Amino acid sequence: EVQLVESGGGLVQPGGSLRLSCAASGFTFSSYAMYWVRQAPGKGLEWVSLINSGDGSTVYANSVKGRFTISRDNAKNTLYLQLNSLKTEDTAMYYCAKDPSAGSWSILPPDYWGQGTQVTVSS
């Protein structure tokens with residue numbers, strides 16, 4: 001059974017930092033591209049970042065580029081998102097998600113999602 005369990009969210013002041021983790025199980029983690037997606041209160045889903053399997057190449061949404069860093073530890077089956085220089089508009093539920101196809105990221109929507117971890121940026 002595929003499981004994705006996020007952790008690391010919390011309340012932080014503007015300009016602060018957090019590191020989110022996503023513990024994966026039930027599949028060969030190293031073989032799949034992984035995503036972080038967020039949903040702000042009252043808004044739709046927003047793709048944040050992806051990291052490929054294999055070469056570990058990364059892509060970011062313009063809204064977080066230069067502030068967030070996605071990474072993975074295949075030995076620990078864990079995905080990370082380092083959030084720096086946080087802004088109030090980064091307040092959202094953050095989800096990790098799995099690409100449905102082994103290998104490089106695909107255009108298909110993720111097939112498994114975690115339950116999310118809440119990030120609140122407020123003074």
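Q: Which residues does Leu-79 contact, leaving aside neighbours within four places in sequence?
A: Leu-79 is in contact (heavy atoms within 4.5 Å) with Leu-20, Ser-21, Cys-22, Phe-29, Met-34, Tyr-35, Trp-36, Ile-51, Ile-70, Ser-71, Arg-72 and Cys-96. This is a predicted model, where local features need pLDDT of at least 70, side-chain atom pairs count only at pLDDT 80 or more, and totals for chains, interfaces and linings use all residues. Residues are numbered from 1 along each chain as its sequence is written, and side-chain values use heavy atoms, with hydrogens and water left out.

Q: How many residues are in the largest nonpolar core?
A: There are 28, and Leu-79 is among those with the most contacts inside it, as are Phe-27 and Trp-36. Such a core is a set of buried Ala, Val, Leu, Ile, Met, Phe, Trp, Tyr and Cys residues joined through side-chain atoms within 4.5 Å; buried means under 20% relative accessible area, with a 1.4 Å probe and protein chains only.

Q: Which element gives the largest share?
A: Strand S3 does, with 4 residues. Strands are DSSP runs of E, at least two residues, numbered from the N terminus.

Q: What does S3 (residues 18-25) pair with?
A: 5 bridges join S3 to S1 (residues 3-7), antiparallel, and 6 join S3 to S8 (residues 78-83), also antiparallel. Strands pair if DSSP finds at least two bridges between them.

Q: New topic: why does Lys-98 count as buried?
A: Because its relative accessibility is 4%. Lys-98 lies in strand S9 and touches, among others, Phe-27, Tyr-35 and Asp-111.

Key
Buried means under 20% relative accessible area, exposed over 50%, partly exposed in between (1.4 Å probe, protein chains only).
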